[in-house]
Amino acid sequence: MNKTALITGATSGIGKATAYAFAEQGINIIICGRRKERLEEIQNTLSKKVKVHILSFDIRDKAAVQNAINTLPEDFCKIDILINNAGNAHGLEPIQDGNIDDWDAMLDINVKGLLYISKAIIPIMIANKKGHIINIGSTAGKEVYPNGNVYCASKHAVDALNQGMRIDLNKHGIKVGAINPGLVETEFSNVRFKGDTEKANTVYKGFTPLKPEDIADLILFTVTRPYHVNIADLVVMPTAQASSTMVNKKQ
């Protein structure tokens, strides 16, 4: 395919699965994240198939984001695909009991981090007069659930930014779309419950959740459509899930 994709949050979950899916199709990849050792493991595995470059930085740090992009070697400077995957959830409390540090972390990563990396990459795509941006949202960006307050707000912001990007970049020939997953079994709940593995595991018990590979398949499908086809906004849930608050669990 001879294209290059940059994937944020590539050290685990959907981002890692997407890196593997892209490599199988010959898409060169720039994998980004804070855990450099994990990025190196992925690079060692996938460099047998495609060119792989790693960028280790904190997406909350706008200077670090721009500096990382500025250091890209020539072989990786022409970015065709941006996967805005980095994101997290911290805490699950009613608004009055919320932790302000948790709020900052979610807004800084889910919203501002997405903006920082997009701001760094979009000029490259405009210069090339083409490109494809996939924003990884959530069903939490489509409906609000109890105790989800700020996390849901951050994902509603991603939904709005996805629409805004698509409008603003239309004249530049850049495709923009979002994939909004429901329950996906990743490190998400372990982060949300701050390492309480037992509590995190209960989220996915009693039904078959989506796997990171399921979302990676959809991302790959989306970026391999003909140029005149843009999947603008896709919501995907496991069969057992009907909404954010309704999951058919077997007891």
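Reply: The account below begins with the sheet and then turns to its helices and charged pairs.

The model is predicted, so local features are given only where pLDDT is at least 70 and side-chain atom pairs only at pLDDT 80 or more, whereas totals for chains, interfaces and linings use all residues. Residues are numbered from 1 along each chain as its sequence is written, and side-chain values use heavy atoms, with hydrogens and water left out.

Seven strands form an open sheet in the order β3-β2-β1-β4-β5-β6-β7, and their pairing is parallel. Strands (E, at least two residues) and helices (H or I, at least four) are DSSP runs numbered from the N terminus, and two strands count as paired if DSSP finds at least two bridges between them. The edges are formed by β3 (52-56) and β7 (233-236), each of which pairs on one side only. On average, neighbouring strands of this sheet are turned by 15° against each other, direction ignored. Helix α4 (residues 100-128) packs on the sheet and touches β1 (4-7), β4 (81-84), β5 (131-136) and β6. Its direction makes about 170° with that of β4; such angles run from 0 to 180 degrees between N-to-C directions, with axes fitted to C-alpha atoms, for helices over the stretch in contact. Contact here means heavy atoms within 4.5 Å.

Strand β6 spans residues 174-181 and is joined to β7 by four bridges, the two strands running parallel. Together, β5, α5 and β6 make a right-handed β-α-β unit; right-handed means that, with the strands pointing away from the viewer, the path from the first strand over the helix to the second runs clockwise. Eight of the eight residues of β6 are buried, that is, under 20% relative accessible area, where over 50% is exposed and values in between are partly exposed (1.4 Å probe, protein chains only). Both faces of the strand are covered, with I174, V176, A178 and N180 on one side and K175, G177, I179 and P181 on the other.

Within helix α4 lies D102. D102 has a relative accessible area of 7% and is therefore buried. Leaving aside residues up to four places away in sequence, D102 touches H90, G91 and K194.

L39, I42 and L46 are buried in α2. These residues cover an arc of only 65° around the axis, so they lie on the same side of α2; the arc is that of the directions from the helix axis to the C-beta atoms. The buried residues of α2 pack against α1, β2 (28-33) and β3, while the exposed residues E41 and N44 are carried on the face turned away from the buried side.

Charged pairs complete the picture. Side chains of opposite charge can pair when their charged atoms come close. The whole structure contains eight salt bridges, each a side-chain nitrogen of Lys or Arg within 4 Å of a carboxyl oxygen of Asp or Glu. One of them joins E24 and K49 at 3.2 Å, N to O. E24 counts as exposed because its relative accessibility is 51%, and K49 as partly exposed because its value is 49%.

A second salt bridge links D75 and K51 at 3.7 Å, N to O. This pair connects distant parts of the chain, 24 residues apart: D75 is in the loop between α3 (62-70) and β4, and K51 is in the loop between α2 and β3. D75 is exposed at 52%, whereas K51 is partly exposed at 43%.

In a third, K142 and D159 meet at 2.9 Å, N to O. K142 lies in the loop between β5 and α5 (149-169) and D159 in helix α5, so the pair ties together parts that are 17 residues apart in sequence. K142 is partly exposed at 34%, whereas D159 is buried at 14%. Salt bridges with shared partners join K142, D159 and D233 into one network.
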